[in-house]
Amino acid sequence: MVNLGNDEIVKYPFLTEAGKYLNDKGFSLEQFGSDPDLKKIVDNAFDRIITSSEGRIFKSDPSSNNSALPLEIFSFLIAVILLKLSGMNTLIRRFSLAEARRAEKFLEKDLMNHQDATKTKLSLQILQELFSVTVEKTDETFTILVSDYLKHSINFHEREWKLINRRVTNGKVHLTPHETVRLVRKELDRHIYTKINSSSTPEMISGFETYVDKLKQLAKKFEVKTVESKEFPPCIKHAIEVLEKGENLPHSGRFMLATFLLNKGQTVEQIAPLFKNAPDYNPKVTIYQLNQLSGTSGTTEYKCPSCEKVKSQDLCFPVPACDNIINPLQFGRKRV
Amino acid sequence: MNAKDVTLLEDTFKKFYFEHFDLLHVPEDPNQREFGYQKFNGGMNRHISLKSDKELHLLLMQNKPSDVYCSNARYMFPNLPMSEKDWQNAELIFDIDAKDLRKEHPKDNTLIKCSDCNEISQLNTSCPNCQSSKLSFITLTCNDCIKSTKDEVIKLNQILVDDLGINEETIKIFFSGNEGFHIYVPNSEYENVGSKERAEISDYIMFRGSIPETFGFRKFNMNKSSLPKFDDDGWNGRLAKHLFGTKSNRPKISQEIVSGGYALFQKKLEDFRDSIGIKIDPNVTQDIHRIFRLPGSINSKSGLTKIFVEDLKKFDPYVDACFIDDEEIEVAANCPIEFSLKKKKFGPFNNEQVSVPKFAAVYMMCKGIASSV
């Protein structure tokens with residue numbers, strides 16, 4: 001495992017074992033609820049959560065870490081305890097993302113650190129050990145194996161991350177330090193989230209009640225309600241039109257249409273007649289295949305393909321209302 | 001297909017397999033592969049496990065299949081249902097098929113079959129017999145089609161080696177047995193990647209989803225010197241050659257691109273998909289649970305064999321992949337255009353009883369344009 005100094009723990013506090021760290025420093029959780037001198041740390045931890053809930057990144061204050069009690073490490077650890085006590089998943093999600101983005105900034109800076117090669121080495125080591133990504137440094141750019149790149153980049157929906165939009169030579173993708181770190185943001189987020197989620201929840205600590213109640217109140221703000229229109233997205237409308245005209249809809253189009261309607265709750269019997277006009281229509285085969293897709297005959301219930309996939313199959317005919325959706329099923333869904 | 005035709009084809013295929021067991025092998029790791037086969041007029045039998053060449057040969061003799069398949073994927077339990085197979089990895093495979101390359105059907109090599117009245121005729125927009133527009137197309141031997149698929153295979157190989165870092169010596173090319181090629185990339189780092197990642201690889205190869213920024217075109221402060229250069233590697237270099245043609249054209253054309261603006265360049269990039277993107281079938285590459293025609297087996301769409309291609313340039317599928325014997329047999333043929341096999345010309349046959357070598361008879365029967373008498 002990466003050998004961390006105090007400087008590194010400040011940057012990447014999620015790499016520590018919370019309970020062990022506090023113990024090693026000679027503290028118990030209860031002290032944070034009762035000792036007025038430690039109240040500042042709990043306040044900091046609470047602020048750290050509030051900042052993350054607003055989508056901002058907690059700002060580091062290097063001077064606060066020079067004391068015998070590195071405040072930022074403690075505030076992270078206590079924030080995790082407060083979040084666990086609140087049990088509010090939405091806040092944990094926001095917190096892990098913000099912490100991931102904070103760590104990302106440090107990782108990027110360390111990768112580019114020309115003065116101190118050990119910093120670059122350590123950040124490369126973190127990438128290797130946490131995310132199994134082997135990054136090689138070549139002059140100003142970094143390269144990673146295409147196969148490693150793809151495992152991470154498929155999490156992004158922005159087109160700039162598509163392999164076609166990358167410099168690819170000899171089995172490697174070239175990236176800037178910023179892109180290298182950005183590539184693992186989701187995994188970093190997931191790593192922090194999993195770590196928080198898998199840590200045990202302590203009994204309520206006397207002195208933490210008010211903070212925890214406030215967090216529970218705060219979480220209510222993020223409850224989302226949505227409404228959905230009944231209109232079909234243009235890709236689905238197009239597929240239906242093709243079939244109505246008796247033209248041949250490719251297999252991928254039939255798959256998209258059937259899974260879309262099944263996912264929207266229609267039954268196999270309701271969907272089957274749509275394929276009546278297909279040049280190769282066979283009622284038995286249609287019912288068999290729809291049953292397969294719906295999961296009634298097999299074990300898998302197939303999902304409607306993503307917009308990206310639909311696009312790659314030349315079945316996408318976007319309209320402005322398609323902006324910002326990543327699956328045809330989301331078409332017409334609005335937050336209220 | 002009528003029972004008499006089925007018997008003739010089954011017996012012919014069986015004879016071929018019996019005489020050419022040397023062409024048919026299970027892969028190196030047979031107990032991790034899923035096998036499958038189809039019978040004439042029958043459905044697909046999948047989730048079969050075979051442990052040796054002997055078991056494969058026995059399956060061929062006992063079942064007289066029309067088509068035989070083997071997964072590119074390796075599983076812990078290949079004979080269990082898909083969700084229980086426990087996928088381990090899969091060879092990366094590309095399929096280049098003449099049907100995906102052509103903008104229109106080659107007039108001299110295509111027949112139409114009417115879905116309403118079953119009439120077979122020369123290429124037309126509707127059925128000359130009943131005027132129906134519900135048609136299926138039957139392509140017969142076409143040297144130009146094979147030539148263009150070969151060119152595409154060569155371009156694909158270049159990208160696999162130069163961009164994706166695949167060792168050229170490991171790439172294996174197979175004729176598909178009909179009108180295309182399967183390109184296998186065994187033992188590469190890509191074996192472990194899933195379907196979504198493979199979709200990205202196919203988009204890369206097909207030049208799909210590119211944005212102007214990738215080729216140095218910025219929305220603001222655009223400078224023509226940032227556009228691709230001839231000696232750039234990857235798609236930048238290939239695009240430069242396509243865009244500018246010669247180095248001396250670069251300044252003029254660069255200026256036109258800059259003046260045309262971002263949206264126009266984006267449009268151009270989309271159009272280039274057709275001209276410089278490699279025309280692989282993306283669904284084949286993305287599907288990590290597919291079973292592929294087994295090398296050495298006959299393709300029942302043509303009666304030709306899927307075989308390993310040693311020298312792509314010299315390879316002639318209509319000679320090198322045609323293994324059926326030349327015993328003369330009588331068939332009722334309805335083939336209103338000419339085709340060529342084993343360097344011999346056949347047809348046109350207008351609904352007539354003809355005596356032809358068995359390989360030509362089988363070819364026509366597989367194409368649905370002849371019946372045994």
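How many helices and strands does the secondary structure of chain A come to?

## Chain A

The secondary structure of chain A comprises 16 helices and six strands, where helices (H or I, at least four residues) and strands (E, at least two) are DSSP runs numbered from the N terminus. This is a predicted model, in which local features need pLDDT of at least 70, side-chain atom pairs count only at pLDDT 80 or more, and totals for chains, interfaces and linings use all residues. Residues are numbered from 1 along each chain as its sequence is written, while chains are lettered from A and ligands numbered from 1 in the order in which they are written.

The C-alpha trace of chain A spans about 80 × 50 × 35 Å along its principal axes. Of its 336 residues, 37% are buried, meaning that 20 or more other C-beta atoms, placed from the backbone, lie within 10 Å of the residue's own.

## Nonpolar cores

A nonpolar core is a set of buried Ala, Val, Leu, Ile, Met, Phe, Trp, Tyr and Cys residues joined through C-beta atoms within 7 Å. The largest has 142 residues, and those touching the most other members include A:I49, A:L82, B:L156 and B:M364. Helix α5 (residues 71–86) of chain A gives this core its largest share, 11 residues. Another core, of 23 residues, lies apart from it; A:L249, A:M256, A:L293 and A:L315 are among its members.

## Domains of chain B

Chain B is divided into domain 1 (3–100 + 142–203 + 283–323) and domain 2 (209–276), with bounds from an automatic or database domain assignment. Taken over C-alpha atoms, the centres of domain 1 of chain B and domain 2 of chain B are 38 Å apart.

Note on methods:
Buried ≥ 20, exposed ≤ 12 C-beta atoms within 10 Å, placed from the backbone.
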